[in-house]
Every structure is written in C-alpha cells, then in structure tokens.
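Visitor: I would like to learn how to read the features of a model like this one. Please take me through them in turn.

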Amino acid sequence: MIYLDNAATSWPKPQEVSDAVLHYMRDVGGSPGRSGHRLSIAAARIVYDTRELLASLFNVPDPLSITLCANATTAINQVLYGFLHPGDHVVTTSMEHNAVMRPLRHLQSLGVEVTVVACAPDGRLDARHMESAIRADTKLVVMNHASNVVGTILPVAEVGAITVHRGIPFLVDAAQTAGVCAIDCQAMNIDLLAFTGHKALFGPQGTGGLWVGSRIDTARLLPLTRGGTGSQSELEEQPGFLPDRYESGTSNTPGIAGLGASVRYVLEHGVPHIRRHEQELTAQLIQGLKAIPGVQVYGTGDARLQTATVSFNLSGMEPSDVALRLDDDFGVLCRPGLQCAPSAHRTLGTFPHGTVRFGLSYLNSVQDVCSAVEAVAQVARHATPG
Ligand SMILES: Cc1ncc(COP(=O)(O)O)c(C=O)c1O
C-alpha cells in the first residue's frame, strides 16, 4: 500500500508520536492546570513543552500566546467569529479552503463585507491585488499559506508587509504548511496563525492551535467558548490572559502529548531538510505524471513554488473512478473530488468534478513515487479518451 493522502492527514506518524500518546495515557493521565498534584503538574509540563516547541517552530517569543485547540478549523472560526461584526470588511483569496470560506460566507449573510481576490489559474496570488482590495475600513486579511488542492504557495510575507504597514490584522491558515515550509511569524508580519497538528506536523488528529500576536487586542477578539480554565476560579468571567482566554474545558492532553513529540521530530529533522526531500519527490511526481498520455497536471508545475500536493486529471475518467482504480488495483490511496475547496477549483478551472490529489509526505520515498506514477500510467492505458 502507498499512502498518498497526506494533504488530508499524514500517515504513518513517527514512532515517537504514538509513544508519547501512550506514555501520557499509561503513566501521566492527570488534568493539566487543574489539580496541583504530581500527575496534574506532569500533564501541565507536557502541554507547556508542546507550546515551547511550537513557539520555536513558528519563531514566536511567548509560548503562552499559542492556544491549543482541536484543529485549524476551530482556530480559524475563533478568529473570524470572535473578531468580525456586521459592517466590517474582510479580504481573502479565491484559493481558500472551506475552513475559511464557509465561516466567511455565513458572516457575509450576517452583514460582514467579504472581498475575494482572484488568484491565477495555477493558484498563484499577486500580492498587489491584495493591496488594491484593502480599504480604509478593512478589519482583517485572511489567507492560505498554501493551497490544499495544488500546493501553490501564496506570498504570505509580501502580504504581511502590506498589512503591517496598513495596521490591519493578518490571519494565516497554515494547515498545509506548518512543518514543511518555513514559518517565521515575526519576519512574515503574521498576527494570527492557525495551524493543524495532524498533517505535515505528524501529530494526532484532533490537535491544532492558534497563535495570537502582540499586535492583536485580545479584548476585541472574543472567545467563542467560555468556561473552566483552572485559573482565576474565583471569577465568573472569562480570564483575559493567554492562553486561558481561548482555552476553556479539559484539553485533548493525549493528543497534545503526541503533538509535542511530533513537533520535536520536525525540529530535529529540520524544516529545510524536510522541504528539500518533499520538493525532490514533488518534482519527480510532476515529471512522471506529465509524461503519461492523457494526464493533465494542475498548478504551477514547479516544485519550488508548491508543497508536495499535486492534483491531476485523466482524460475520459472521473477523478473518483481514477482514485477507486488506484486503490483497488494498485493500493495507491489518494483523495479525489473538490477537497473541501470549491473556490480553489473554480480558480483552477476544475469545478465541479475536481481532481485526483496526491499528497506526499516527508516519509514517502522515491520508490513510492515511481510506483504511484506507474499505477496512474496503467489506469491511463485502460481509460477511454474523453
Ligand atoms: C488549507 C486548509 N485549511 C484548513 C484546513 C482544515 O484543517 P482541519 O481539518 O485540521 O481543521 C485544511 C484541511 O484540509 C486545509 O487544507
């Protein structure tokens, strides 16, 4: 079996990750920040260590400004619903995942004005178009770091230079890049970073977080969930400080233990090294797919400009039929269709059928790519030309 659905969720995970989850479940088990006994303190230590590792990965000065939650979707919803009000204006791009688009479209129905800046048919964004869309009353700019459909990397640093100059909060969806592309929140002038733990970070599902930068006035970023935090228990109002303001209820501590181990793994291997390996595999995959008659590869076609997520179609076949053949006959697992990103597919010209998506990971090999390309070639040989 060759697992190429890493853009949905990475698998396998490094051994250290399941070891850390098991260690927490078997030997720790306490509730972090709640009780003060030794197991509670041990759990709190694990959670703090995870924040520290993430702070190092994203180059943010204060680990406590990283709030942990279930996934990138929760983090994005926290910002969009906690920050935007009817009458506010927000700018985004046409390459967004529905984790951004659906909350924005709902907020639009409540009176928030949404400007969607069109990206090119290969997914690229011209930062100057973002600048033109920003108005005096723009309250937030939100954008993807890389497309989950074609991997195209968006110019976050360029847009960050514009937003910081204009004094507009900048939210980046790093679901597809955390762990595989360099993310320096300070250098890139990011104000809010939403990330997920279970993709290129190799953490367990149900982990993720939101980094809140110091330019954000947290009094104006309302928590979506209020409740027990283990802190200021004498108060019936939500604490104002980070991370407790956005972390109510008992956390997914086994998952956070796994996330800590996975971020440590990523840091030890090094993001530049991980990126280099993925880039080599991506170049090999694109070249191999393009050489197959009847295959159309989408995106920039340049591994330097994208992550290891490659979308293609086979002439005369539905993406879902291609994926089924690949799974049934060759054990190649991938994701067909719209991948929760209809706006991105409209941009690429692949709506409504979508694409076949191969999402590689650092743990894939040259041999995996050779076998996957050969499997597509075999399916193509039996496809009816469309
Ligand atoms: C670009 C992008 N944003 C957000 C998400 C949502 O991530 P999660 O499902 O972990 O909330 C995904 C997941 O596929 C994604 O690819």
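**Loops and backbone**

Guide: Pro 12 sits in the loop between β1 (2–3) and α1 (15–28). Helices (H or I, at least four residues) and strands (E, at least two) are DSSP runs, numbered from the N terminus. The model is a predicted one, where local features need pLDDT of at least 70, side-chain atom pairs count only at pLDDT 80 or more, and totals for chains, interfaces and linings use all residues. Residue numbers start from 1 along each chain as its sequence is written.

Visitor: Which residue is joined to Pro 12 by a cis peptide bond?

Guide: Trp 11 is joined to Pro 12 in this way, with omega at about 0 degrees. Another cis peptide bond links Phe 351 and Pro 352, with omega at about 10 degrees. Pro 352 belongs to the loop between α10 (342–348) and β13. One more backbone entry is Phe 202, whose phi is near 70 degrees, a positive value in a residue other than glycine. Phe 202 lies in the loop between β7 and β8.

Visitor: How should I read a sheet, and in what order do the seven strands run?

Guide: Strands of a sheet pair through backbone hydrogen bonds, either parallel or antiparallel. Two strands are taken as paired if DSSP finds at least two bridges between them. Here seven strands make an open sheet in the order β2-β8-β7-β6-β5-β3-β4, with mixed pairing. Its edge strands are β2 (66–69) and β4 (113–117), each of which pairs on one side only. On average, neighbouring strands of this sheet are turned by 20 degrees against each other, direction ignored. Axes are lines fitted to C-alpha atoms, for helices over the stretch in contact, and angles run from 0 to 180 degrees between N-to-C directions.

Visitor: How many bridges hold β2 and β8 as a pair?

Guide: β2 and β8 (residues 208–212) pair in the antiparallel sense over four bridges. Cys 69 has Gly 208 in β8 as its bridge partner. Helix α3 (residues 72–83) packs on the sheet and touches β2, β5 (138–144), β6 (170–173), β7 (192–196) and β8. The direction of α3 makes about 40 degrees with that of β8. Contact between two residues requires C-beta atoms, placed from the backbone, within 7 Å.

Visitor: What is the strand order in the sheet of four strands?

Guide: The four strands form an open sheet in the order β9-β10-β13-β12, and the pairing is antiparallel. β9 (295–297) and β12 (335–337) are the edge strands, each pairing on one side only. Neighbouring strands of this sheet are turned by 30 degrees against each other on average, direction ignored. Three bridges join β12 to β13 (residues 355–359). In β13, Arg 357 stands opposite Arg 335.

Visitor: At what angle do the axes of α2 and α7 cross?

Guide: Two packed helices are described by the angle between their axes and the distance between the axes. For α2 (residues 38–58) and α7 (residues 253–269), the axes cross at roughly 35 degrees and come within 9 Å. The crossing is left-handed, a term used if the near helix is turned anticlockwise from the far one by less than a right angle, with right-handed for clockwise. Residues making the contact include Ile 46, Leu 53 and Leu 57 of α2 and Ile 256, Val 263 and Leu 267 of α7. By class, the contact has twelve nonpolar, four polar and two charged residues. Ala, Val, Leu, Ile, Met, Phe, Trp, Tyr, Cys and Pro count as nonpolar, Asp, Glu, Lys and Arg as charged, and the others, Gly among them, as polar.

Visitor: Which residues come nearest to the ligand?

Guide: Asn 71, Thr 73, Asn 148, Ala 175 and Thr 196 come nearest, out of 13 residues around the ligand. A residue is near a molecule or strand if its C-beta atom, placed from the backbone, lies within 6 Å of it. The shell has four nonpolar, eight polar and one charged residues.
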